[in-house]
Amino acid sequence: MMIIKSNSKINSNLYKVIKFETTHIPGQPGYLGAYYFLTISYETVDGTIKSGRYFMKSLPYHDAILTKAVEDWGIFRKEAELYSHIFTNYEKDGKVIKWVPECFLARHNLLVMEDLTSEGYQTISFQTTLNEQHMKVIFDCLAQMHACSLNFEINHLCGKSIGSLYNDDILFETTFTSTSGWFVAGLKVTDVHWDSKYGIQKIAVARNRYSRDPEKKKIIESQLWGCLEKIYKLAENTQEFRSVIVHRDLWINNLMFKYGHTDDMCEQPTDCILIDFQLARYLPPCVDFLCALYILTNNEHRTHYADQYVELYYNSLQKKIKILGLDGPSILSREQFEKSLDHYRLFGLVWAGVLHGFVNFPKGLLAQLHQEDPQTYTKISMENRDDIILKYYDSDRFFHDRLDDIVTELLEYLFNFK
């Protein structure tokens with residue numbers, strides 16, 4: 001027999017579990033865990049038998065190498081402790097919109113959360129470029145998350161910062177380091193010969209249109225890596241700008257949307273939920289804004305809407321801060337926010353380039369490799385993915401366009417190429 005605490009939709013009593021079963025979720029919902037639906041049948045205090053379905057994420061025990069890496073990085077423990085020690089203390093009443101799933105059980109190797117699909121939320125189709133309405137609800141959702149972080153820090157931590165209390169134990173860096181094999185594989189290899197470079201560097205020097213100009217190619221070869229390395233410094237904590245807990249890993253599988261009953265094309269979402277906080281850190285809110293902008297849109301979309309999104313996000317943040325009883329402009333002025341956008345723009349561009357070189361492979365490819373050729377999957381994940389990047393850059397239109405788009409904008413930003 002097993003006793004559990006029910007979720008808030010039932011009440012706060014304890015219930016006896018009659019039985020439970022798990023169903024593996026197919027495909028590749030994420031890359032660093034195993035994913036299931038958990039169905040529980042339980043007996044209420046009056047003897048009624050009920051059941052509920054939940055979402056469950058565990059360490060990827062089917063892959064011993066990946067499991068060890070995830071444990072060594074500490075990212076699963078990080079997310080569990082975020083839910084159990086920080087998010088549980090955030091404001092949740094009618095003053096805030098829902099931005100995160102409810103978590104019922106958080107351990108270092110296991111998370112059990114509400115099944116958002118039963119509430120009408122869904123992920124977006126693979127290899128999709130989001131439209132204006134999707135981006136608006138994303139920025140509104142991020143503004144709520146950031147406002148809750150500020151409220152928690154100002155009203156509940158007695159003058160201490162989230163960073164000073166939680167950076168070492170929970171909000172530590174897991175990804176943006178020179179020792180992270182997965183991340184470095186998206187930038188370059190350390191071999192001195194350019195024909196062995198890969199990731200962003202490989203595309204920039206071997207495929208991008210600016211590399212066809214001999215003078216520009218020399219600039220790329222001699223200066224690009226020095227610029228890319230700056231992301232390590234940008235990922236560190238800062239005293240220059242006001243910080244909050246940021247998500248950072250804002251690719252489409254980590255966002256779930258709700259649509260109206262008549263929106264058969266899923267073009268006008270009404271709500272957005274953030275999931276998977278394994279890369280969360282204590283950094284300025286502009287980091288999430290820029291990650292969402294560069295990871296989820298293309299250059300044409302950004303050119304048209306970026307200024308509107310700055311206005312939308314900042315005004316939404318100020319509104320949500322005010323609802324929580326805080327003085328928004330004194331916490332983060334418009335001038336400081338725009339200054340932080342300029343300071344962290346390189347972070348958004350580089351991170352988008354690394355992600356586009358991994359998460360946009362054809363649907364099912366990585367899941368198939370993980371199952372049928374785990375050795376190759378581990379190599380792609382942790383060591384060297386140059387061959388597969390070039391293969392699909394040359395053969396898959398979406399993969400090519402998203403990676404080329406962000407590398408082009410990165411080179412234009414860094415070197416003022418035209």
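Contact, as used in these notes, means heavy atoms within 4.5 Å. The structure is a predicted model.

1. Cover of H13. The buried residues of helix H13 (residues 365-372) are Leu 365, Leu 366, Ala 367, Leu 369 and His 370. Among the elements that cover these buried residues are helix H1 (64-73), helix H14 (374-382) and helix H15 (386-395).

2. H6 against H16. Two packed helices are described by the angle between their axes and the distance between the axes. For helix H6 (residues 199-206) and H16 the angle is about 80°, and the axes are 10 Å apart. Angles of 65 to 115 degrees count as roughly perpendicular, and H6 and H16 are therefore roughly perpendicular to each other. On the H6 side the contact is made by Ile 200, Ile 203 and Ala 204, and on the H16 side by Leu 403, Val 407, Leu 410 and Leu 411. The classes in this contact of H6 with H16 are 7 nonpolar, no polar and no charged residues.

3. H9 against H16. Helix H9 (residues 286-296) also packs on helix H16 (residues 397-415), at an angle of about 130° and with the axes 10 Å apart. That angle makes H9 oblique to H16. H9 contributes Tyr 294, Ile 295 and Leu 296 to the contact, while H16 contributes Arg 402, Ile 406 and Glu 409. Here the residues divide into 4 nonpolar, no polar and 2 charged.

4. Thr 297. This residue lies in the loop between H9 and helix H10 (299-323). Is Thr 297 buried or exposed? Its relative accessibility is 0%, so Thr 297 counts as buried. Leaving aside residues up to four places away in sequence, Thr 297 touches Met 135, Ala 292, Arg 302 and Arg 402. Arg 402 is also one of the H16 residues in the contact with H9.

5. Lys 57. Lys 57 sits in strand E4 (residues 49-58). Lys 57 has a relative accessible area of 3% and is buried. What does the side chain of Lys 57 make a polar contact with? The partner is the side chain of Glu 79, at 2.7 Å.

6. Aromatic pairs. The count of aromatic pairs comes to 28. One of them joins Tyr 54 and Phe 104 in an edge-to-face arrangement, with 5.4 Å centre to centre and 85° between the planes. Tyr 54 is in strand E4 and Phe 104 in strand E5 (residues 103-107), so that this pair links distant parts of the chain, 50 residues apart. Tyr 54 counts as buried at 10% relative accessibility, whereas Phe 104 counts as partly exposed at 28%.

7. A tilted pair. Tyr 90 and Phe 152 form a tilted aromatic pair, 5.6 Å centre to centre with 55° between the planes. Tyr 90 lies in the loop between helix H2 (75-86) and E5, and Phe 152 in helix H3 (residues 132-156), so the pair ties together parts that are 62 residues apart in sequence. Both Tyr 90 and Phe 152 are buried.

8. An aromatic cluster. Phe 139, Phe 289, Tyr 305, Tyr 309, Tyr 313, Tyr 314 and Phe 337 form one aromatic cluster.

9. Positive phi. Which backbone angle of Gln 127 is near 50°? The angle is phi, and the value is positive in a residue other than glycine. Gln 127 lies in the loop between strand E7 (121-122) and H3. At 23% relative accessibility, Gln 127 counts as partly exposed. Asn 416 has a positive phi of about 60° and is not a glycine either. Asn 416 is found in the segment after H16, and Asn 416 is exposed, with a relative accessible area of 55%.

Note on methods: Residues numbered from 1 in each chain as written. Predicted model: local features only at pLDDT ≥ 70, side-chain atom pairs only at ≥ 80, totals over all residues. Heavy atoms only, no water. Axes fitted to C-alpha atoms, helices over the stretch in contact; angles between N-to-C directions. Helix = DSSP H or I, 4+ residues; strand = E, 2+ residues; numbered from the N terminus. Parallel < 35°, antiparallel > 145°, perpendicular 65-115°, else oblique. Nonpolar A, V, L, I, M, F, W, Y, C, P; charged D, E, K, R; others polar. Buried < 20%, exposed > 50% of the residue type's maximum accessible area, 1.4 Å probe, protein only. Polar contact = N/O pair within 3.5 Å; in protein donor to acceptor, adjacent residues only side chain to side chain. Phe/Tyr/Trp six-rings, centres within 6.5 Å; stacked < 30°, edge-to-face > 60°.
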